[in-house]
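Dear colleague,

Please find below the structure that I am handing over to you. My notes on it follow.

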Amino acid sequence: MASLHLTTATPSSHLRPSPRPLFAKPSHFITQAKRNHCLQVSCAASSENADSSHGKVDRRNMLLGLGGLYGVSNLVSSTPSASANPIQPPEMDKCGLATYLDKKETQHDINCCPPLSPNVIDFKLPPVLQMKTRPSAHRVTPEYIFKYNTAIDRMKRLPKDDPRSFMQQAYIHCAYCNGAYDQPGQGTLDLQVHNSWLFFPFHRWYLYFYERILGKMINDPTFALPFWNWDNPQGMTIPPMYVDPKAAIYNAKRDQRHLPPAILDLGMTGNTDPLQVVSNNLTVMYTEMIRGNSSATDFMGQPYREGTAVNPGPGASERGSHTSAHVWVGDPNEPSGEDMGNFYSAGRDALFYCHHGNVDRMWSLWQFFLPSSKVPDKTITDPDFLNAAFVFYDENAQLVRVTVKDCIDNLKMGYDYERVDLPWLDYRPPAQTANAKAKRVGTDSAKADTVFPLTLDKIVRVIVPKTKKGKADELLVIENITVDTTKFLKFDVFVNDEDDNAGDLVKAAYAGTYAQVPHKAGKDSTATTSIRLKLTDLYDDMDVADDDDVVVTLVPRHQGPGVTIGGIKIIENPPLPSQTPAST
């Protein structure tokens with residue numbers, strides 16, 4: 001078990017900007033031979049501001065202390081045109097049983113359908129009279145903890161059939177994620193909000209109403225959910241307020257080996273050196289937030305439209321840090337890794353909403369504050385994305401219909417995040433040595449076109465041809481990944497790895513990961529997807545000289561079968577497709 005005693009900032013009665021510099025150097029307890037402290041920043045992006053009810057809110061001066069360093073990506077400012085086939089809200093009166101599998105391969109059915117309502121109204125965002133600031137869970141005050149626990153306790157005391165009650169709110173995730181809903185008008189085709197471009201918008205709306213319900217419980221409309229700051233070394237343990245057995249936010253169904261001071265292992269490498277785990281975590285964050293994406297959908301997830309089969313493809317954040325935190329917290333002694341370790345039960349742990357607060361923060365950071373040179377266009381203007389819709393119960397138990405286009409900007413929704421340093425922002429891995437080329441092609445490496453498809457139950461190395469010699473703007477495509485949705489599955493991808501030390505991710509060879517949280521069981525418990533990993537920066541960090549090919553290593557982090565890989569190829573990074581513009 002990797003553990004480390006970390007000091008946290010002294011809480012104050014008010015949330016204030018951190019006095020420390022944002023672009024902090026790696027913490028003094030992190031050792032590494034070489035760090036790159038250069039960050040190329042383009043200031044040519046738009047400086048558009050978000051509106052509030054009191055005029056303009058300058059996003060450049062808000063959130064995480066990024067100030068005026070970065071321009072703002074263009075926001076969706078007009079209502080998109082009607083689309084033929086965006087995902088529509090589920091028909092709640094047709095909600096069925098959700099399913100999941102236990103460790104003995106026994107399928108279980110669960111009724112997590114919500115109470116029915118005679119009417120649903122289209123939700124309109126209220127004017128922002130006062131901006132909420134979501135605090136880092138490691139820096140909250142005793143007064144905040146008291147209010148938070150009081151709100152959760154009152155939520156738990158609501159009648160069982162009240163859609164705002166604790167379990168009914170948990171059932172939302174179960175129904176949307178474990179097969180209780182079908183796509184309207186599409187027969188028995190599942191509706192799924194994970195592993196696609198709906199992942200971020202759905203969970204943003206989910207937390208939005210959950211937060212408003214908590215505020216209603218304590219008559220405080222300014223109450224804001226905390227976020228688990230697991231991307232910063234000072235927040236890489238489970239926040240202390242969640243491990244008090246007397247607290248309403250406590251949950252016993254967590255991995256007891258991973259209680260504080262254990263360090264969250266975002267790489268799921270099993271490494272027991274806490275310093276290495278922290279370094280791995282920062283590398284994971286740098287890779288999924290900056291280095292590994294070539295387009296908006298590489299980060300957000302692949303398109304998911306009416307009639308689309310589930311799991312078209314998760315984005316970098318969803319299949320990375322998001323999944324690891326879920327599975328790391330869940331209790332391996334429970335039949336299905338409850339609570340956080342399975343989608344059907346994840347919402348039963350108050351820590352789930354804190355975790356997703358940071359996931360949502362990553363979306364906001366990626367959209368508005370990270371350098372735009374890596375992915376120049378971070379917006380998705382496709383009407384099938386913007387017009388996709390969900391239904392939730394609000395704080396007054398009114399069923400409301402919401403759309404993706406109304407949740408693109410968190411400031412317009414009335415909340416922001418406490419300023420916290422981003423030590424991963426410049427955590428580029430050290431350059432690979434020039435003499436590695438001779439080691440790359442060993443007797444255990446076969447050509448990719450002779451190996452696939454294969455079941456990934458052990459480390460695999462294959463030789464993959466490049467599109468051009470040497471350094472080039474290329475993508476690694478791992479295609480036809482067929483997964484068993486009932487299992488935790490994860491594999492890491494390395495390119496031209498020098499030392500084959502799978503416990504160390506802090507190296508140029510680390511290209512990214514694929515992972516999933518266990519969810520639906522039954523006849524449709526397999527899904528097929530593909531992922532793309534950008535190689536351009538990776539090539540810059542190693543000697544590819546005039547190479548015609550590279551060696552790709554796949555390292556499974558799960559036990560046993562469950563993943564079949566259809567093929568691996570390298571393609572040129574295509575130009576960004578022209579997007580369907582939103583109409584004025």
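In which hand does α6 pass α8? The crossing of α6 with α8 is right-handed (a crossing is right-handed if the near helix is turned clockwise from the far one by less than a right angle, and left-handed if anticlockwise).

Before the details, a note on the source: this is a predicted model, in which local features need pLDDT of at least 70 and side-chain atom pairs count only at pLDDT 80 or more, while totals for chains, interfaces and linings use all residues. Residues are numbered from 1 along each chain as its sequence is written, and side-chain values use heavy atoms, with hydrogens and water left out. Helices (H or I, at least four residues) and strands (E, at least two) are DSSP runs, numbered from the N terminus.

The helix pair

Helix α6 (residues 316-329) packs against helix α8 (residues 350-368) at an angle of about 165°, and their axes are 11 Å apart. Axes are lines fitted to C-alpha atoms, for helices over the stretch in contact, and angles run from 0 to 180 degrees between N-to-C directions. The angle therefore makes α6 roughly antiparallel to α8 (over 145 degrees). In the contact (heavy atoms within 4.5 Å), S317, S321, H322, A325, H326 and V329 of α6 meet L351, F352, H355, H356, V359 and M362 of α8.

The open sheet

An open sheet of 3 strands has the order β5-β8-β7, with mixed pairing; two strands pair if DSSP finds at least two bridges between them. β5 (121-122) and β7 (389-393) are at the edges with a single partner strand each, so one side of each has no neighbour in the sheet. β7 pairs with β8 (residues 399-403) in the antiparallel sense over 5 bridges, and Y393 stands opposite L399 in β8. Helix α3 (residues 199-217) packs on this sheet and touches β7 and β8, its direction making about 15° with that of β7.

Strand β13

Of the 11 residues of strand β13 (residues 474-484), 8 are buried, so the strand is largely enclosed by the rest of the structure. Buried means under 20% relative accessible area (1.4 Å probe, protein chains only). Strand β16 (residues 526-534) runs antiparallel to β13 and is joined to it by 8 bridges, with I478 opposite I531. β13 also pairs in the antiparallel sense with β19 (residues 567-572) over 6 bridges, where E479 has G567 as its bridge partner.

Yours sincerely

Definitions and conventions
Parallel < 35°, antiparallel > 145°, perpendicular 65-115°, else oblique. Buried < 20%, exposed > 50% of the residue type's maximum accessible area, 1.4 Å probe, protein only.
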